[in-house]
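Thanks, everyone, for making time this morning.

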Amino acid sequence: MADWVEKCRAALQRCPPGHSDRSTTLNDLANSLADRFEQRGFPSDLDEAIELFRAALHLRPPGHSDRSLSLNNLALSLQDRFQQRDVPSDLDEAIELHRAALLLRPPGHPLRSSSLNNLANSLHGRFERRGVPSDLDEAIELYRAALLLCPPGHSLRSSSLNNLSISLQDRFEQRGVPSDLDEAIELHRAALLLCPPGHSLRSLFLNNLAISLQDRFEQRGVLSDLDEAIELHRAALLLRPPGHSDRSFSLNNLANSLHDRFKQRGVPSDLDEAIELHRAALLLWPPGHSLRSSSLDNLANSLADRFQQRGVPSDLDESIELHRAALLLRPPGHSDRSLSLNNLANSLHDRFEQRGVPSDLDESIELHRAALLLRPPGHSDRSSSLDSLALSLQDRFKQRGVPSDLDEAIELHRAALLLCPPGHSLRSSSLDNLANSLADRFQQRGVPSDLDEAIELHRAALLLRPPGHSLRSSSLNNLSISLVERFEQRGVPSDLDEAIELHRAALLLRPPGHSDRPTSLNNLAISLQDRFEQRGVPSDLDEAIELHRAALLLCPPSHSLRSLSLNNLAISLKDRFEQRGVPSDLDEAIELYRAALLLRPPGHSDRSSSLYNLAIGLQDRFKQWGTQFDLDEAFRLYVQLSYLSHAVSRTDLTAAKSWATSADEMNHDSALLAYQTALKFLDHHATILSTSPRHFDVVKMATASLAMDAFSCSVRLGALTTAVEMVEQGRAVFWTQLARLRPPLDELSLSGDTGAALEKEFKQLSFGLRSAFDQSNKDQSPQIRQLTMQWNDVVSRIRMQPDFSRFLLPPLFSDLRKAAEEGPVIIVNASRYGCDALIVSSSHDPVHVPLDIMQNKVSELSSEFQSVAEQFGCSNNQLQLVGILRKLWHHVVDPVVQALRVSNVHPGSRIWWCPTAEFTLLPLHAAGPYERGRDNLSQIYISSYTPTLATLVRARKRVSRYASTQHFVAIGQANPDRGKELRHVAPELDAISQCLLPIVSSFTPLRDGDATVQGALDALNQNQWLHLACHGMPDRTQPFDSSFAMRDGPLMIKDIIRSNWQNPEFAFLSACHTTVGDEKSPDELMHLAAAMQFSGFRSVIGSMWSVDDEVALQVVSLFYRKMVDDSGRLDCTRAAVALHKAVKSLRKKIPLEQQIVFVHIGV
């Protein structure tokens, strides 16, 4: 080659400027230098060749017979230099030179097809760099024209077929039009037929056809395309032995197609072979090789997938290091940098899912953001980048609970879907992703429209995955899971039936050997079990059991889902035992529960579930056969619950409650420990739940009768101070958490940078734990352990702050007894185990008063009273009312009064009632013998109520910062948006105004048009004293929707909760039913008066039933005159006495039910 270059130089020297052969010798020397560059790669050879080609072109002006040849040669050399150095101007100039050459080679010219091909190649190259669609479209048309000039038999026909097919493939990848890909495949097949065994281009054409078949598989999911691609890649590799320049490409391509087949069929050998092929390819691309970064990426992706299948941590760690190495080889400006950022982000995301280290997820999100910036609108991978970032934000939301992460994820998924219009190959995946994120938001916020939209999106995705599509089973599964969730929410049987049919269809697509077959068997079994529980058809349960057995066979020892599979089979066998009573079903269930427990050691998130299930199974067998060993073992298992160190799921709480019930019913000596454990779990569980109305149903389910039964157990064991602590810990859980969390967290956030950081960390970790427990479809143990350690750590650090040593800890009796500083507090408790009262005083131990009534009788009395109360004002039911008040006196109140007298509580003193369970619905303050010559309770003591002792302690502690100023607002709404007119509201406000105007610092009346929801909330922000005269609207099924009727709509409990009023003092709720709450959960005290008290009002007057409009006017007029103290100021601690005196003055003027309708709550 060197000799030839020198010979050409010598020839050029013999043809000085002006010589007729100079252009020819310039051209020859340029060609020889260009050939040497291709052989040795010296840039100087190529630069010199380009200058010589330019000089030759200069000597071949328009009209010269060889001008088209010179244009072509210079263009090809500029193209080569562009490929080496990536200078865009070289490629642009090459294209213009090729255009000029083509014009000089009109139809019929022997070199026209070559010129068409060259111009097409350069336009195709520019499209690959800049992505301008018109360049690719023009290249395709030029390739078509070139092919027409290469008819069958032409020596260049195979190359022409190949060029056109590759450009059609590229257009398919850009726009997703299926016909482009189908045509490309047919062209590749035609090209391959022209290259029989032994042809020098056969390996290339085998490779190209394989790649296009792989692309079609990715679009349509037809497995035969992938199988054929693999066989073609194997054939190409055999034609590229060690030492062949393209061997590394063949290794890489075969590896990629095997990897894809593994994803479809889950055959481990395909993935292992792919990894070994990628390793071999990487060895052929040493440091400095232009394709090394791609090879690092491919090997990393295969290792990540093997980690997903087998869970070997070293595979994932190696994958991350390989992705980091690839990213270093793709600095800012590199065309594949966004791909590397994306791949590294995905691997870090996988590691986060395995080990739960937050920094991995944060880094993943930042890398995805960086990748998205490199994929602006119009970029072919923008939709995939939007989706990837969205998925990572979704996971961070599940961990830390920042709502903006989930909302951003949904918006990103929506944006991605817009970039995948109908016909786009990724549309089905995009529909799926958006559906999943909406389902997550439904889980968090419970908005039904999110779930409905998710279901419709899953349906749309399924339509795009017809029979034969590789992801059809996944789509069937996703849609069925969403339908099951909707069934659980709304109970529509057709949703469950459809879900079962979809699960069946998914199972058919996951034959033996498929990696997701155990999941499909399990999902179908659980849905059939749900249908059995709903309709009781035995065949559903039998089929569920057989499916669970099949799933278990596919989860051998050490499989991550084995404990779940053992547990599911055991549950279904136990259900069948309960239905048919076959002892062998129960025996087998117990052995399966034992095996599951062994796989859930201390610290496992599902350990409590296994302890509970096995204990219940043993108890059931004890009930059958009376074997004491079974019962003893059951309680040994239960006791292990008290050792649980991690934070508490609903299952933990259910298990502890079951223990407490069993121990109490069987007089087991672990009963008190069981109740203490259950209440501790309730505390933790309620703390992790956010204080939002959405979680109230969870609280209701969790509390039930737990605190009242714990109180009863403690009283029976003589542990009276423990009884007080436990009943306090397990009642009004929602309000208690609100009071325990909101003010301390507000104070913490205002205490400086450290406090603010701790408050933020605590909220995030609480949400993360809640989300982890909600994901019951997979083992969350590693993440839960990590989050729990962090949660416990942040709580410990908060308790180290000044004044926060008791943060989240339930109050001790020594603190609770302070509630009785102004008079005794009487806890009146109803439990299935008996009814009792405890008198709490500030100076001595509680006094136990046994009550001669059982809970079922209290319940009957409560129902009888509710029926009578509904008729107040409509019929004369004085005799029935008196009968109920006499029973209350005889069975409950009189024994307490006797004990108070023994304790030297003098007549005329104030006392506070703290009723539980059904007692909360009864007017204890109005009890009496109602006989001439005998005093009723109201003639002996002045009664107030308190929802809990801690509430009263807080109210006593809280002294207004604005003691020197008293700002009063009176809100009257006589004409609400719904409800009848209240004729006495205006006179009521006038009477208050007349009494208070001379006394208070400011008096603001809000009437009718001004008494709107926002008007009321704004007024409450400015005033500490409130009088509210309007309709009260209790909602017994949705207590958070209980409301005061304003002009423009309801002022609801949930609005009151969200408010943060400054030092409220007193509220008089002159409205109906303001102490009426959820009858099914009376101990949660979810009513309007409680909402006002827990929002900070120290003293509240409310009503237990309907208030007569005219009576309210009379009571209010007298009440406020009695509220003024000796110094001429309002005093909220006088409210109970003022109410007592006002009612006493009216006793002979108003009916009995209106004398006792108002009650005082608080100080």
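I will begin with the ground rules and then turn to the chain itself.

This is a predicted model, in which local features need pLDDT of at least 70 and side-chain atom pairs count only at pLDDT 80 or more, while totals for chains, interfaces and linings use all residues. Residues are numbered from 1 along each chain as its sequence is written, and side-chain values use heavy atoms, with hydrogens and water left out.

The chain has 48 helices and 14 strands, these being DSSP runs numbered from the N terminus, with H or I over at least four residues for helices and E over at least two for strands. Its radius of gyration is 41 Å, well over the 32 Å that the globule rule gives for 1163 residues, so the chain is more spread out than a compact globule; that radius is taken over C-alpha atoms, and the rule is 2.2 Å times the number of residues to the power 0.38. Along the principal axes, the C-alpha trace spans about 145 × 75 × 55 Å.

Of the 1163 residues, 57% are buried, where buried means under 20% relative accessible area with a 1.4 Å probe, protein chains only.

Now to the backbone: which residues other than glycine have a positive phi? One of them is alanine 917, with a phi of about 50°, placed in the loop between strand S4 (910–915) and strand S5 (942–945), and buried at a relative accessible area of 5%. Tyrosine 930 also has a positive phi, near 50°, and lies in the loop between S4 and S5.

Definitions and conventions: Buried means under 20% relative accessible area, exposed over 50%, partly exposed in between (1.4 Å probe, protein chains only).
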